[in-house]
Amino acid sequence: MTVGRAAVWWLVATAPLAGQEARARLAGRVPGAALPALDSIVLAAGDEGIPTEPLIQKALEGGAKGAPPERIVAAVSLSASQLRRARALLRSTSEGQPAGPAEVTAVAAALARGVSPQLVESLTAALSGEPTGPSLHAVADLIGHGFTEDAAVGLIVDAAHQGLRGLRLLDVAAAVVLELQRGRSRAMALARVQDMLPTVPAPPRLAPATVSKARRLPPPSEPPP
Amino acid sequence: MTRIDPLVHRVLDGELPSEVLTPAQRAELDRLERAGTLLADGPLTSVADRVMAEVRRPAPGVAQRLARWFAERHTITISVRPAWSLALAAVLAAIAIMPGRGPGLILSAEEGIAQFVGRFPGAKSVEVVGSFTDWRPGAVVLRDDDHDGVWRGVVVLPVGQHEYMFVVDGERWVTDPLAGRFVDDGFGRQNALLIVRPVPR
């Protein structure tokens, strides 16, 4: 056995289980030159209690898109920073209560969409105890259509106070966007939806013919047929 | 009316012993004697008496008539033209083979349906690659059955947020312009952000 092979075997044998799983998923899917750096980022995140799945996903994405090793490492490193920041924000607004991986991932996604940390703080404080993901995406949807952060947060918090919860908050943003598409100004669109609350329309049901065509995907670990 | 064999007749009248009969004639004798016994045991009412008794009997109620109707045998004749029966058979066969939400497509509360639509005229293949496929190509292949350049696909996905891109002709990564939500992918492009909701029940 060569020294190199022995070193690999030693690394595999001594690495924590999560690290081994990550390595197994990344092997052959990302350039070999990126693997050591990715390993250390994923292991460090795992040690800190940060969700590692988004990091593995980012590395796989980079490999699938043919990105060079240093670009993949940089993207995964940036994702880790966003997750760290998201967790810190959630900790600061939930009086030290640990946030679940889904919450941390949702807040990191909102940060990646351009939502400011201050907005995350104000929204999570206003809707304490509620899942932050849908409300953050609803606010991000509105900001993406040119609304100010204050106007967007105000509408979504108002909708939540009127009993709309979770994914229904996305319908509030969708109702505003629909008003814009009908040619109304932002102020008018906001006012109309404000008047509608809490009875904003739900998304249309999929046609039975469409539903009948839906098929399940094989588990991601299995290669597709 | 069937004529009785003269020899059997004479035995019945007691003029001859039954031993003179052939086996066939003896069988006929037995049958006639049994019939005679039955007639002797039954009520000796006339046809008129029996008809009148039936007329005087109270009519059965609706429930009784219904019960009798369901219990009794009926001969039902349906006349159908062969053309119509063939058409009916074709319709039934179409319903039977029509794709539907089979047992494999019963969705849990943690699953939703995502419909992907992209316009790529002239493309040879279009697929969706994203976090739900572990960024592995080949799992969600879209179709353009009518060759109008609009490619479609419908899949069951876990409820929650997913990132994806279209891959055209196996090599060109394209952001879904209709997604509505986008996020920088860290590789110089933008992923579409999909939020899958549970299917309303």
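## Two loop residues in chain B

With 12 C-beta neighbours inside 10 Å, Asp169(B) counts as exposed. The cut-off for exposed is 12 or fewer. Asp169(B) sits in the loop between strand S5 (160–168) and strand S6 (172–174) of chain B. Its backbone is worth a look. Asp169(B) has a positive phi of about 55 degrees, although Asp169(B) is not a glycine. The model is a predicted one.

Trp135(B) also has a positive phi without being a glycine; here phi is near 60 degrees. Is Trp135(B) buried or exposed? Trp135(B) is buried, with 24 other C-beta atoms within 10 Å. The cut-off for buried is 20 or more. Trp135(B) belongs to the loop between strand S2 (126–130) and strand S3 (140–141) of chain B.

## Chain B as a whole

Chain B holds 5 helices and 8 strands. In what pattern do they follow one another along the sequence? The pattern is α-α-α-α-α-β-β-β-β-β-β-β-β.

Chain B has 201 residues, and buried residues make up 20% of them. Now take the contacts in chain B between residues at least 6 apart in sequence. Of these, 54% join residues at least 24 apart.

## Where the chains meet

How many residues of chain B are in contact with chain A? There are 33, and they touch 33 residues of chain A. Four strands of chain B each supply at least two residues of this side: S1 (111–119), S4 (150–158), S7 (182–184) and S8 (190–196). The largest share comes from S4(B), with 3 residues. By class, the side of chain B that touches chain A divides into 18 nonpolar, 8 polar and 7 charged residues.

3 strands form an open sheet, in the order S1(A)-S4(B)-S1(B). The pairing is mixed. S1 of chain A and S1 of chain B stand at the edges. Each has a single partner strand, so one side of each is left without a neighbour in the sheet.

Look at the two pairings in turn. Strand S1 (residues 215–216) of chain A runs parallel to S4(B), and 2 bridges join them. Arg215(A) stands opposite Val155(B) in S4(B). S1(B) and S4(B) pair in the antiparallel sense, over 9 bridges. Here the bridge partner of Ile113(B) is Val156(B) in S4(B).

## Ala214(A)

Ala214(A) lies in the loop between H12 and S1 of chain A. Ala214(A) counts as buried, with 21 C-beta neighbours inside 10 Å. Which residues does Ala214(A) contact, leaving aside its neighbours within four places in sequence? They are Leu105(B), Ile113(B), Val154(B), Val155(B) and Val156(B).

## Helix pairs in chain A

Start with helix H5 (residues 69–93) and helix H6 (residues 101–112) of chain A. Their axes come within 8 Å and cross at roughly 115 degrees. H5(A) and H6(A) are therefore roughly perpendicular to each other. The crossing of H5(A) past H6(A) is right-handed. From H5(A), the contact uses Gln82(A), Leu83(A), Arg85(A), Ala86(A), Arg87(A), Leu89(A) and Leu90(A). From H6(A), it uses Glu103(A), Val104(A), Val107(A), Ala108(A), Leu111(A) and Ala112(A). The residues of this contact divide into 9 nonpolar, 1 polar and 3 charged.

The next pair is helix H9 (residues 149–161) of chain A and H11(A). Their axes come within 10 Å and cross at roughly 10 degrees. That makes H9(A) roughly parallel to H11(A). H9(A) brings Ala151(A), Leu155(A) and Asp158(A) to the contact, while H11(A) brings Leu190(A), Val193(A) and Gln194(A). By class, the contact of H9(A) with H11(A) has 4 nonpolar, 1 polar and 1 charged residues.

Where is Pro198(A)? Pro198(A) is in the loop between helix H11 (186–196) and helix H12 (208–213) of chain A. A cis peptide bond joins Leu197(A) to Pro198(A), with omega about 0 degrees.

Conventions
Residues are numbered from 1 along each chain as its sequence is written. Chains are lettered from A and ligands numbered from 1 in the order in which they are written. This is a predicted model: local features need pLDDT of at least 70, side-chain atom pairs count only at pLDDT 80 or more; totals for chains, interfaces and linings use all residues. Two residues are in contact if their C-beta atoms, placed from the backbone, lie within 7 Å. Ala, Val, Leu, Ile, Met, Phe, Trp, Tyr, Cys and Pro count as nonpolar, Asp, Glu, Lys and Arg as charged, and the others, Gly among them, as polar. Two strands pair if DSSP finds at least two bridges between them. Axes are lines fitted to C-alpha atoms, for helices over the stretch in contact, and angles run from 0 to 180 degrees between N-to-C directions. Angles under 35 degrees count as roughly parallel, over 145 as roughly antiparallel, 65 to 115 as roughly perpendicular and the rest as oblique. A crossing is left-handed if the near helix is turned anticlockwise from the far one by less than a right angle, and right-handed if clockwise.
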